[in-house]
Each structure stands twice: as C-alpha cells, then as structure tokens.
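Here is a quick tour for someone meeting this structure for the first time. Have a look at the model, and then we'll walk through it.

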Amino acid sequence: METTNGTETWYESLHAVLKALNATLHSNLLCRPGPDNLTEERRASLPGRDDNSYRYILFVMFLFAATVGSLILGYTRSRTVDKPVTPSL
C-alpha cells in the first residue's frame, strides 16, 4: 500500500491549470476578427506601438554615456598632481 504526501494532487491540479492556460493561449478565440477588432488590412495601415522604440533606446544610452563621461572627466580633472619639490641651492 502506497502513501501519498499530497504533492500528487497538487501536481495534477497544476497540470490541469497549465493545460487549460496553454489551450486558451493557442486557440484563436481571442484573435477572431469581429466588429470590435481591427482586420489585418486596417491594422497594417495604422502606426505600430514600437515604431520609435529604437529612438528611445538610443536616447537613454546617450544620456547614460553623457552622465558617465561627465563623472569621469570631473573626477580626473579634480585630482591635482603633486609636483616634486626640488630643493633650491
């Protein structure tokens, strides 16, 4: 006689939930063209959400480079080099 520790029922219920979620995501129920949804022709003519995303990424990278560059320059210019003292005769 085998004894279970409760993980089998948990595993089975988790498997059932994941299977239902997978079936929902892969079904065409959410993507059917209808009166509320845009058709492919109309969707292709509209501008997308990600059209200017590369500009935003470049802008953020430029700001980061300018900040780091100014910190490096400010640090290196603030350091004074001690000149060796030569004794006068």
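Buried means under 20% relative accessible area, exposed means over 50%, and partly exposed lies in between (1.4 Å probe, protein chains only). Tyr54 counts as partly exposed because its relative accessibility is 45%. You'll find Tyr54 in helix H3, which covers residues 53–78; helices are DSSP runs of H or I with at least four residues, numbered from the N terminus.

This is a predicted model, where local features need pLDDT of at least 70, side-chain atom pairs count only at pLDDT 80 or more, and totals for chains, interfaces and linings use all residues. Residues are numbered from 1 along each chain as its sequence is written, and side-chain values use heavy atoms, leaving out hydrogens and water.

As for the fold, the protein chain has 3 helices and 0 strands, in the order α-α-α. Of its 89 residues, 0% count as buried.

The chain's mean is 76, with 60% of residues at 70 or more.

| Element | Mean pLDDT |
|---|---|
| helix H2 (residues 40–45) | 60, the lowest |
| helix H3 | 93, the highest |

UniProt, in an unreviewed entry, places a "transmembrane region" at residues 56–75; such annotations may be inferred rather than shown by experiment. That stretch is 100% helix and 0% strand, and its end C-alpha atoms are 29 Å apart.

Key
Helix = DSSP H or I, 4+ residues; strand = E, 2+ residues; numbered from the N terminus. pLDDT = per-residue confidence, 0-100.
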